[in-house]
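Please look over the sequence and the model shown here before reading on. The briefing that follows takes up charged pairs, sheets, a helix and a surface patch in turn.

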Amino acid sequence: LLDGPVVLVADDPAVEVTFTQEELAAALQSEVVHNSAAEIELSFDTEALTAIAAEHRDAIEAEHRDAEFVLQADESVIILPSRPQTLFDGDLIAETVFATASAGQQTADFPFAIGEQPRFSTEDAKAMGPITRMSAFTTEYPSGQPRVTNIHTIAKAVDGAMVWPGEQFSLNVHVGPRTTAKGYVEAPMIAGGEIIDSVGGGVSQFATTFYNAVFYGCYEDVTHKPHSYYFERYPEVNEATISWPDPGLIFRTNSDAVIIIMTQYSATSVTVKFFGNNGGKECKRILGERSNFTDPETEYVADATVDPGSERVESGGGQGWTRTVDRLIIHPDGTEEVENYRWTYKARPRIILVHPCDMPDSNQACPAKVPSVVGLTFGEATSRLESAGFLIASGGTVETSDPARDGTVASQSASSGSYLSPGSTITVDLYVYIEPPPEEDPPPDDEG
């Protein structure tokens, strides 16, 4: 019993308790048992050994732990085993020390008392079958745009998310409102059919990438909404837009295995990968033909920088159309089922910029273009300005030594080509001829 120390060791939780020879000797006790033949019964004092082990109570007592799936860098998935709640039991420790020493051994497993069992055990995890990559989808974008910051921010928020069998996953609920405090910035987005700058603009590209991972992973599409207008960077119909609080993107895990979501991004692309076990299903996309084409309408937008009576094309617009996508689900036994998706893209309006006075519903009189009257006589200038809808007033004078300029307009208060309200007064300055002084005769030549 006293040949050497006894060490009780455990890996999970990590515990190592050593009972030295001196401690064992101090705890050794004996009792004479009177039977037909006298016998000495040896044991260790439980209280003495319990006091030694109690110094490690914090390490010994640990809460239960559920089994966990851990996604490795090589995209393999391992199971971190579950563990029941471990408790301190002095009697059990003393019994183990005595049994170990009696057997002439110096090490043994630490004896935990068992408390609450894990809710999700290692056996539960193994029952889900191998967890491997079910789908992956990538979309690309130009680098350096503000929207790229938002795509990266939402991708980081979703990376590592887990969805359990039968659960629904809402992208909006998981990520929450897009705010500057979370790292989102202003970027273009569609709101009410118009493209505006908004905090979090551009995250719909991530939503589209995410939706396609759902689609090709054969998971249940609960709700999603494609964009109103078609963007060439997205696959037709197979795309999704999100905003806060609506529209949203929700899918359900219609399999018996967990889903682990991985996101990856670079300066020019974002990728979403789903890891799980969908029972061996495979999903394919069958794209239909475009139909039901619609032509763009013309929309006029007021812009004071546009000259009255003229227009500037801001956008040439584009057709709208309807298209269908079938999701072909192929089961392991070869049977097939088809899900139908149909979406109508709006025609992009033709945007024409006009002066506010030229807007279709405007009651505003358009300003008139100011003609040039420089070089004309006052009478000629009056006639030209009045015909353009303006009044004329004489201002100052400008001296000139050129008799041909006498009485003509030297300058005008409004520059030619500018626009003023009809009836405005334009002031002109007139040249006045001033005869130069006579030249003096040269002095007589005294020589010769």
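Is D12 buried, partly exposed or exposed, and what is the relative accessible area of D12? D12 is partly exposed, with a relative accessible area of 36%, where buried means under 20%, exposed over 50% and partly exposed in between, with a 1.4 Å probe and protein chains only. This is a predicted model, in which local features need pLDDT of at least 70 and side-chain atom pairs count only at pLDDT 80 or more, while totals for chains, interfaces and linings use all residues. Residues are numbered from 1 along each chain as its sequence is written, and side-chain values use heavy atoms, with hydrogens and water left out.

**Salt bridges**

- The whole structure contains 11 salt bridges, each being a side-chain nitrogen of Lys or Arg within 4 Å of a carboxyl oxygen of Asp or Glu.
- One of them joins D12 to R83, with the closest N and O atoms 2.5 Å apart; this pair links distant parts of the chain, since D12 lies in the loop between β1 (6-10) and β2 (15-19) and R83 in the loop between β6 (77-80) and β7 (86-87), 71 residues apart.
- R83 is buried, with a relative accessible area of 13%.
- E61 and R57 form another salt bridge, at 3.4 Å from N to O; E61 is partly exposed at 34% relative accessible area, and R57 is partly exposed at 35%.
- R252 and E220 meet in a salt bridge of 2.6 Å, N to O, a pair that links distant parts of the chain, with R252 in strand β16 and E220 in strand β15, 32 residues apart.
- R252 is partly exposed at 25% relative accessible area, and E220 is also partly exposed, at 29%.
- Salt bridges with shared partners join D12, R65 and R83 into one network.

**Sheets**

- Three strands form an open sheet in the order β12-β16-β15, with antiparallel pairing; strands are DSSP runs (E, at least two residues) numbered from the N terminus, and two strands pair if DSSP finds at least two bridges between them.
- The edge strands of this sheet are β12 (168-170) and β15 (220-223), each of which pairs on one side only.
- β12 pairs with β16 (residues 250-252) in the antiparallel sense over three bridges, and Q168 stands opposite R252 in β16.
- A second open sheet, of four strands, has the order β10-β18-β17-β11, again with antiparallel pairing, and its edge strands are β10 (132-140) and β11 (162-163).
- β11 pairs with β17 (residues 259-265) over two bridges in the antiparallel sense, and the bridge partner of M162 in β17 is I260.

**Helix α6**

- Helix α6 spans residues 146-158, and its buried residues include R147, I151, I154 and V158; helices are DSSP runs (H or I) of at least four residues.
- Just after α6, G160 takes a positive phi of about 90°.

**Exposed sites**

- L2, L28, V32, I40 and L42 form a nonpolar surface patch with about 400 Å² of accessible area together, and β3 (28-34) and β4 (38-44) each supply at least two of the residues of this patch.
- I40 is placed in strand β4 and is exposed, with a relative accessible area of 57%.
- D333, in the loop between β23 (320-330) and β24 (336-345), is exposed at 61% relative accessible area.
- D333 and G375 are 42 residues apart in sequence and 94 Å apart in space, C-alpha to C-alpha.

Conventions: Patch = residues over 30% accessible without salt bridge, like charges linked within 9 Å, V, L, I, M, F, W, Y side chains within 5 Å. Areas by Shrake-Rupley, 256 points an atom, 1.4 Å probe, with all protein chains shown as cover.
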